[in-house]
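Please examine the sequence together with the three-dimensional model.

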Amino acid sequence: MNDLTHLSLFAGIGGIDLAAEWAGFRTVGQVEQNPYALRVLRNRFGRRIPRWTDIRDISADNFKRRTGIDSPTIITGGFPCQPFSCAGKRRGKEDDRYLWPEMLRVVRELRPAWVLGENVAGIVSMELEPCCTDLEGEGYTVRAFLVPACGVGAWHRRERVFIIGSNTRYNAGSTEQGCKPHIPKKLVTGSTRQLHPKSLAHTKGECGHGTGTAWPRRRRSSDADWGSVEPAVDRVAHGVPHRVDRLRCLGNAVVPQQVYPILAGIAQIELSEER
């Protein structure tokens, strides 16, 4: 059986990493600079996994020396969304947090069989086309999907774009490039890159670990047991340690159920094909 290995860039608190674990991947490295998120990663995935706090420190030699692996099966990365988010100034490449080129560099050096990039829906009208074109230039067949968290049973939309690249050296028979199907008009202004037609599908997504759509009932401010933590002012709490850190990390996180079906599909392909 193939050993499915996973390198996580911009790991955050490990939402994608958790989904990769469910799908059968073994995370062999993580990159994250936020100190609180690093504490969460160490607690959740153990201290033995090699970690970098700056993506610029990763090279092919460095990765092999620390992991003993030439190339992982998949590299994932939720590269910073601030340059594209509607909540910010949307400065794109002019934003000093624009780190897609660094993720592309790591992909170029390590040459994984698969690449999964993640970002907010705002990237569609700004940099989705260049990101996909960059990966295609490196020899990857590329597709893009938009999956909202509510599509897998969560209480909020949290629309996320997933850019999937398959290394064509493993798919020599495939000549199909680009993202040709229809993209929802409400998401696009000025972009020709289109999303896969299954985007926005409200599926039940089973992960086999009791997480599928079995979400807990949403608490309301009127719940009797909620008042002991939350005062009368919404979204304010007393006595919750690291509340600001937690909110920041959750805001940047990926709901694991959103990305699990993609990772499970990749795992199935890898385990069913002879390399």
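N62 belongs to helix α3, residues 60-67; helices (H or I, at least four residues) and strands (E, at least two) are DSSP runs, numbered from the N terminus. The model is predicted, so local features need pLDDT of at least 70 and side-chain atom pairs count only at pLDDT 80 or more, whereas totals for chains, interfaces and linings use all residues. Residues are numbered from 1 along each chain as its sequence is written, and side-chain values use heavy atoms, with hydrogens and water left out.

With a relative accessible area of 16%, N62 is buried; buried means under 20% relative accessible area, exposed over 50%, and partly exposed in between (1.4 Å probe, protein chains only). Neighbours within four places in sequence aside, N62 is in contact (heavy atoms within 4.5 Å) with W52 and D57. The side chains of N62 and W52 are joined by a polar contact of 2.7 Å. Such a contact is a pair of N or O atoms within 3.5 Å; within protein, one must be able to donate a hydrogen and the other to accept it, and residues adjacent in sequence count only if both atoms are side-chain atoms.

We turn to the sheet. Seven strands, in the order β3-β2-β1-β4-β5-β7-β6, make up an open sheet of mixed pairing; two strands pair if DSSP finds at least two bridges between them. At the edges stand β3 (51-52) and β6, each with a single partner strand, so one side of each lacks a neighbour in the sheet. The pairing of β1 with β2 is parallel and spans four bridges; H6 has T27 in β2 as its bridge partner.

The largest nonpolar core has 34 residues, of which L7, L9, W100, M103, V106, L135 and I163 touch the most other members. A nonpolar core is a set of buried Ala, Val, Leu, Ile, Met, Phe, Trp, Tyr and Cys residues joined through side-chain atoms within 4.5 Å. The largest share of this core, six residues, is supplied by α4. Apart from this core lies another, of 27 residues, including A11, A20, F25 and V254.

Why is helix α1 (residues 15-23) largely enclosed by the rest of the structure? Eight of its nine residues are buried, so the rest of the structure largely encloses α1. The buried residues of α1 pack against β1 (5-9), β2 (26-31), α2 (35-45), β4 (74-77), β5 (114-120) and α7 (256-272). After α1 comes G24, with a positive phi near 105 degrees.
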